[in-house]
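Here are my notes for a colleague who is opening this model for the first time. Please keep the structure in view while reading.

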Amino acid sequence: MTRLSSFLILSSISCLVSSSPISRPSAWGVVGSIPRGGDASYATLCEDVKSSIIEEASKEIEALRTQILDEGTTVSNFGSKADTICNAALEKFTSSAPPPEDAS
């Protein structure tokens, strides 16, 4: 696998993990429409959970990025490692996000 294709796959993982219909500042510094006035809505609660999960996943993604781009080495089993990062993030969100009935 070439460096470019590894980087593109890694970037795709980052986008998948960070994609959300909720518009608010994310761990990546992207700003959409920000709830104002101390809004503690369900969307805000989910965004907080998502941001912390992205922060954790970013550390693993950065380690792979460093290995691929900075060190110029191949990551063995890259696909399975990428799947593990994505699945762990999704599972953590599922178990950490408040249930919809908590939205009030």
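**Notes on the model**

1. Exposed means over 50% relative accessible area, buried under 20%, and partly exposed in between, with a 1.4 Å probe and protein chains only. Helices (H or I, at least four residues) and strands (E, at least two) are DSSP runs, numbered from the N terminus.

2. This is a predicted model, in which local features need pLDDT of at least 70, side-chain atom pairs count only at pLDDT 80 or more, and totals for chains, interfaces and linings use all residues. Residues are numbered from 1 along each chain as its sequence is written, and side-chain values use heavy atoms, with hydrogens and water left out.

3. Now the buried side of helix 3. Phe78, Ala82, Ile85, Cys86 and Ala89 are buried there. They cover an arc of only 90° around the axis, so they sit on the same side of helix 3. The arc is that of the directions from the helix axis to the C-beta atoms.

4. The length of helix 3 agrees with expectation. Its 19 residues should span 27 Å at 1.5 Å a residue, and its end C-alpha atoms are 27 Å apart. The expected span is 1.5 Å times one less than the number of residues. Helix 2 has 29 residues and reaches 40 Å from first C-alpha to last, close to the expected 42 Å.

5. The protein has three helices and zero strands. Along the sequence the pattern reads α-α-α. Of its 104 residues, 27% count as buried.

6. Which residues make up the largest nonpolar core? There are eight: Ala57, Ile61, Leu64, Ile68, Val75, Phe78, Ala82 and Ile85. The largest share, four residues, comes from helix 2. A nonpolar core here is a set of buried Ala, Val, Leu, Ile, Met, Phe, Trp, Tyr and Cys residues joined through side-chain atoms within 4.5 Å.

7. pLDDT is the predictor's confidence in each residue, from 0 to 100. The protein averages 75, and 58% of the residues score at least 70. Confidence is lowest in helix 1 (residues 3-18), at a mean of 56, and highest in helix 3, at 93.

8. Take care with residues 16-24. Their pLDDT stays under 50, and the model has 23 contacts for them beyond four places in sequence. Contact means heavy atoms within 4.5 Å. Where pLDDT is low, the predicted coordinates should not be read in detail.

9. Look at Pro98, in the segment after helix 3. Pro98 is buried, with a relative accessible area of 16%. Leaving aside residues up to four places away in sequence, Pro98 touches Tyr42, Leu45, Cys46 and Val49. Pro98 and Ala43 are 55 residues apart in sequence, yet 9.8 Å apart in space, C-alpha to C-alpha.

10. Two cysteines deserve a glance. Cys46 counts as buried because its relative accessibility is 5%. Cys86 is buried too, at 16%. A search of the whole structure finds zero disulfides, a disulfide being a pair of cysteine sulfur atoms within 2.5 Å.

11. Finally, the backbone between helix 2 and helix 3. Asn77 lies in the loop there. Asn77 has a positive phi of about 55° although it is not a glycine. Most residues other than glycine have a negative phi. Asn77 is exposed, with a relative accessible area of 57%. Just after helix 2, Gly72 also takes a positive phi, of about 70°.
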